[in-house]
Structures are given as structure tokens and as C-alpha cells.
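Hi,

Here is the structure I promised to pass on. Have a look at it first, and then read my notes below.

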Amino acid sequence: MGSGKAKKPSKLSHRNPKNKGRPIGPKTKKTKADSHTKSKKKKEKKQRLSNGGGNGNPTDEKASNQNSQNDNGLRDGAEVQPASASAQLSFFLDKFQSANGVQLSSLELESFNDKCILDLSESLDQDVSSLLKHVKEAFGPSWKQELCGKDLADGKIDPGSPAVLIISTSALRAIELLRGFRLLTNECRAAKLFSKHMKVEEQVSLLKNRINIASGTPNRIKKLIDIEALGLSRLSVIVLDMHPDVKGYSLITLPQVRDEFWDLYKNYFHDRLQQGSLRLGLYGPLTSGKELKGKKRGPNE
């Protein structure tokens with residue numbers, strides 16, 4: 001006979017006998033691929049530690065961050081440092097030849113030098129708030145005379161002839177870059193040279209006065225030059241807005257705008273840049289961004 005004490009039911013008595021000793025829950029099957037991945041990660045971690053990587057070696061980590069700069073000396077993120085003048089010139093001429101299907105001779109290339117490129121201060125970021133400071137440094141001690149005057153002068157200051165011309169992909173971007181010049185444009189208005197919400201007649205009327213700074217898009221700028229409303233007698237600095245838009249396109253990669261820009265440049269600026277009477281400022285990261293897809297255009301297309 002028993003002792004009279006009732007046996008306590010086993011905690012596993014309600015489970016399937018086949019599951020004895022196994023935890024309750026969905027079955028998880030470990031595959032060979034999982035084991036291989038886990039093993040591979042362990043090996044990679046061990047290799048990094050043996051090479052001084054990760055957080056174990058601050059010196060190497062710092063070097064790695066410095067190496068994240070691209071070949072043009074530009075960092076990812078908001079802070080953009082200018083590339084050297086020679087790097088900017090080489091980048092621009094390469095893009096010019098590629099986009100237009102031309103090959104400059106060695107003699108032609110020799111006529112271009114670093115003085116063709118606006119010397120951007122390395123101590124300043126390349127954003128809207130710093131653009132005015134960059135331009136001031138480009139003009140040196142005479143910046144007030146060139147950028148702040150409001151009166152015309154026969155033989156010296158022609159109407160509708162800016163000293164600085166900013167070229168962008170869109171009207172919104174053209175306006176945004178002009179905001180950095182507000183301190184200079186209270187008495188002498190800057191010219192907005194784009195088609196959105198602005199008629200050619202309005203712009204022609206404005207260009208009958210003294211203009212020190214103008215900002216616009218390639219197509220409208222060329223049209224105003226073609227009809228001799230926009231003059232080039234005082235033009236000494238062109239700022240090309242190289243910042244990409246939200247889709248990654250820039251002035252030299254955005255479809256249609258790219259072609260309009262090169263058409264404007266070939267007709268009115270290339271010879272002057274080559275002669276040394278004009279300086280070019282590539283404002284922003286020197287990356288190709290998105291390129292046009294499809295058939296490459298030949299030189300006669």
C-alpha cells in the first residue's frame with residue numbers, strides 16, 4: 001500500500017511525451033548557413049582586432065575618417081572644403097570635353113591655368129552663408145567699389161553688366177544663393193535671371209540700370225545675352241552652383257539644363273576663360289552625380 005500521500009503532478013505531465021526535456025515554443029531549425037554566417041562574423045571580428053581596427057585603435061580610426069575624403073578634398077555631409085585650383089580646372093575641362101564630344105589640343109590646354117579658377121578660401125565652408133565672404137576675397141580691396149556701387153559711369157560701368165554671375169539649375173536655387181548677398185543689394189538690386197514667374201520684358205527693364213550681381217539659370221541668361229540686354233563688359237567672376245539637388249543631379253548632369261549650360265558656356269565664356277579675363281568658381285562638391293543614360297552625343301549632334 002502507498003503512504004497515503006498524493007503524488008504531485010509532474011510539471012511536464014501536460015506536455016507531449018515527445019517534447020520531454022525540450023522548452024515549449026515554436027521549433028527553430030538551425031541551418032548550416034546560419035552556423036557558417038556566425039562563424040564568418042567571429043573570424044572577421046577577430047581579424048579586425050588583430051589589425052588594430054574598431055574602437056581599439058583611435059589612431060587608425062582617425063586615419064580612416066580622413067581617408068573618407070574624396071580625391072577632390074571634399075567631405076561627405078554639410079561641410080564642404082574647396083578642392084585645389086588645379087583639381088577644379090582639371091575636373092571642369094574633363095567635363096567640358098566629355099559633354100561636348102571634343103578633345104582640346106595640348107596647346108589649348110596650356111592656355112588654361114590655375115588663375116582661371118576662383119581661389120576659394122579653405123577656412124570657409126561652401127554654403128549660402130559663406131558665398132559672400134568667398135566673393136569678397138576674390139575681389140580683394142576693391143570689393144566695395146565693384147559690388148556695392150549703385151551709379152553708372154560712362155566707359156566704366158555699363159548698364160546691365162554684372163561683376164558676378166551665379167548660374168544654378170533652378171529658380172529656387174538661384175534665389176537661395178542670392179540671399180547671401182542681401183547686405184550688398186539693398187541699394188543696388190541683384191538681377192534674377194530665370195523664367196519662372198518672370199517675363200523677359202521685366203528683366204530687360206531691370207538691366208537698364210547698374211547691376212553688380214546676377215543669379216539665374218542657363219537658358220534665360222543666354223537669351224538675355226543674345227538680345228543684348230545682359231552685358232558682359234564688367235563680368236570677372238562666374239560662380240557655378242555645383243550642389244546636387246534632392247535627386248542627385250547638378251548643373252552639369254541634370255538633363256536639358258546640362259545642355260543649356262554648355263551651350264551658354266561655349267558661346268560666351270570659354271574664350272574669355274582661356275584668355276584669362278574671366279575666373280570660374282565651382283561652388284560645391286566636385287562629384288559627377290547622376291549622368292545622363294543612353295546614347296552618348298557626338299560632337300555634331
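On the α9 side the contact (heavy atoms within 4.5 Å) is made by P218, N219, I221, K222, I225 and D226, and on the α10 side by V257, E260, F261, D263, L264, N267 and Y268. Sorted by type, those residues give seven nonpolar, two polar and four charged; Ala, Val, Leu, Ile, Met, Phe, Trp, Tyr, Cys and Pro count as nonpolar, Asp, Glu, Lys and Arg as charged, and the others, Gly among them, as polar.

Before going further, some housekeeping. Residues are numbered from 1 along each chain as its sequence is written, and side-chain values use heavy atoms, with hydrogens and water left out. As the model is predicted, local features need pLDDT of at least 70 and side-chain atom pairs count only at pLDDT 80 or more, while totals for chains, interfaces and linings use all residues.

How far can you trust it? The protein averages a pLDDT (the predictor's confidence in each residue, from 0 to 100) of 77, and 66% of the residues score at least 70. Confidence is highest in α9 (residues 218-226), at a mean of 97, and lowest in α2 (residues 58-67), at 40. Two stretches stay under 50: residues 51-78 and residues 291-301. Where pLDDT is low, the predicted coordinates should not be read in detail.

Back to α9. Its buried residues (under 20% relative accessible area with a 1.4 Å probe, protein chains only; exposed is over 50%, partly exposed in between) are P218, R220, I221, K222, L224 and I225. Their cover includes β1, β2, α8, β3 and α10. Just after α9, E228 takes a positive phi of about 65 degrees.

Which strand holds S215? S215 sits in β3 (residues 213-216), and S215 is buried because its relative accessible area is 0%. Beyond four places in sequence, the contacts of S215 include I166, K192 and F194.

I166 itself lies in β1 and is also buried, at 0% relative accessibility. Among its contacts beyond four places in sequence are L131, F181, I221 and V239.

Cheers

How values were computed
Helices (H or I, at least four residues) and strands (E, at least two) are DSSP runs, numbered from the N terminus.
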